[in-house]
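Visitor: I would like to learn how to read the features of a fold. Could we take one structure and go through it step by step?

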Amino acid sequence: MRLVLQLVARLLLIVALCLGAATLWATFDAYRSVDRATATSAQRVAQALQGLYWHELLLRSSRMREHLMPVPEWRTLETMKLISPGVCVEFQPATAFEKPLCGQSQGIGRVPPRWFASIVPTFLGSHAEVVRPVSPRAAAAGTVVATPDQAAAISLAWEYILNVIDVALLMAAAIALLASLAIAHTLAPARAIVLALQRMARGQYRTKLPRFRSMELGMIGGAVDALGSRLEESVEQRAALTRRLIEIRDDERRALARELHDEFGQNLSAILAFANTIETASTKDRDHGVAQDARMISQATHHLMASLRDALKRLRNPLPEELGLEASLVNLVDSWRSQSATQPTIQLDLKGDLTDISGPAATTAYRVAQECLTNALRHGAAREISLHVERCAGEDDALLIRVEDDGGGDAARVARSAGFGLTGIRERVAAAGGSLSILPASRGLSVAATIPLAA
């Protein structure tokens, strides 16, 4: 899941928890607000009756206090105004058949569902009546008893809950929308960091990131830039080391070629001369057995000399240093074609200007073509091989070498091969800063190398 969605989901979870807590608090506060209204109603009615009690007592001083009980004319409209909705008040001691005086309870809140009406009293408990004396100085003046209406309390709590939920849902939607936009805007630079890492994975290590406002993202961007610089330096050092190793190896190959030519070549020539002398002398002496042995020695020597010449060709400097890349590739293909009439058909396709390509790039291209043709001819059952060499001019000046054959083969297995030939061309291509790929073709394998050309 994307980080933006994860953060928004967590934010919505927090909002939902806050909404639940606010709902519980609103339920408790609304339910207990009836208790506060009951106490307030009892206090207001008691104060009003206290004033009425002392007023009647002073006006009718000849009457005994017990004759004032209950307080006359207390059930008035003015008293009704003092009673909160959903609360009933009665005077003690009450007269016979006297009913409590109740505030308006109809229309208080909304009708709650049954499950709510049964759950709230279970967890929050019932309401208690409130008793207030009419006069603290005259205990005989009686008391005021206020009783809350249970149904009105539940309806009021449900009304509060609905109001809180409506407001909270609107706030949650607004918070989710605004927070999503803010989070998406804050994390937008992360995409640039990911793209930079992807370019680094493709070999583009010098990837400069813009400055980020966030300190954390700025630290990550700085770390990515530093990592790219270190990777490029490491790749350059490795390429330089590989080039130096290839130069040393080429020097060793040339030295080995001189040794083979000077030592083995001369010794083989001497053996051939001795064999010819023995064959000539044996023929004159009519010793046919010795003559036959001498001829066999001569044939074996010729075979060894031919093998030595082939080895010297591979060990000495490649032809691009002498003939140029284009002529050396034509010579390479012609040499394979001339070895045997049963060889598969080799097609050479040259595109672009190859005349000015020299140095390590030309040597690397020739070695890649030489090794790929050798592998296709010796290790496959190909009937047709194509060698395509193209110079891709433009801003990215590079040389593309692709060898395809129809001899089957497993591209994945060949790519995992640790043979000296493939390892050598991988090292050469990497040292030149290029890339090598081995992929399946329509009926065989396709080996492609891209070699950048220095300006």
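Guide: Start with strand β9. This strand is mostly covered, with six of its eight residues buried. Keep in mind that the model is predicted.

Visitor: What are the totals of helices and strands in the protein?

Guide: The protein has eleven helices and nine strands. Of its 455 residues, 34% are buried. Among contacts with a separation of 6 or more, 66% link residues 24 or more positions apart.

Visitor: Back to the strands. How do I read a sheet, and what is the strand order here?

Guide: The general idea first. Strands of a sheet pair through backbone hydrogen bonds, either parallel or antiparallel. Here, five strands form an open sheet in the order β5-β6-β7-β9-β8, and the pairing is mixed.

Visitor: Which strands are at the edges?

Guide: β5 (345-351) and β8 (435-440) are the edge strands, each pairing on one side only. On average, neighbouring strands of this sheet are turned by 10° against each other, with direction ignored.

Visitor: Where does the parallel pairing occur?

Guide: Between β5 and β6, which are joined by seven bridges. Isoleucine 346 has isoleucine 385 of β6 as its bridge partner. Leucine 350 is partnered by valine 389 in β6.

Visitor: And how do β6 and β7 run, parallel or antiparallel?

Guide: Antiparallel, with eight bridges between them. Look for leucine 387, which stands opposite valine 403 of β7. The two strands, β6 and β7, form a hairpin with five residues between them. In that turn, glycine 394 has a positive phi of about 125°.

Visitor: Which strands does β9 pair with?

Guide: β9 pairs with β7 in the antiparallel sense, over seven bridges. There, glutamate 404 has serine 446 of β9 as its bridge partner. β8 also runs antiparallel to β9, with six bridges. Serine 437 stands opposite alanine 448 in β9.

Visitor: What does leucine 399 touch?

Guide: Leave out residues up to four places away in sequence. Leucine 399 then touches, among others, Leu325, Leu354, Ile357, Ala365 and Val389. Its partners also include Glu390, Arg391, Ala449 and Ile451.

Visitor: Last, helix packing. At what angle do α3 and α4 pack?

Guide: About 105°, with the axes of α3 (residues 114-124) and α4 (residues 150-201) 10 Å apart. Angles of 65 to 115 degrees count as roughly perpendicular, so α3 and α4 are roughly perpendicular to each other. From α3, the contact uses Trp115, Phe116, Ala117 and Pro121. From α4 come Gln150, Ile154, Ala157, Trp158 and Ile161.

Visitor: How many residues of that contact are nonpolar?

Guide: Eight are nonpolar, one is polar and none is charged.

Terms used
Residues numbered from 1 in each chain as written. Predicted model: local features only at pLDDT ≥ 70, side-chain atom pairs only at ≥ 80, totals over all residues. Heavy atoms only, no water. Axes fitted to C-alpha atoms, helices over the stretch in contact; angles between N-to-C directions. Helix = DSSP H or I, 4+ residues; strand = E, 2+ residues; numbered from the N terminus. Parallel < 35°, antiparallel > 145°, perpendicular 65-115°, else oblique. Contact = heavy atoms within 4.5 Å. Nonpolar A, V, L, I, M, F, W, Y, C, P; charged D, E, K, R; others polar. Pairing = 2+ DSSP bridges. Buried < 20%, exposed > 50% of the residue type's maximum accessible area, 1.4 Å probe, protein only.
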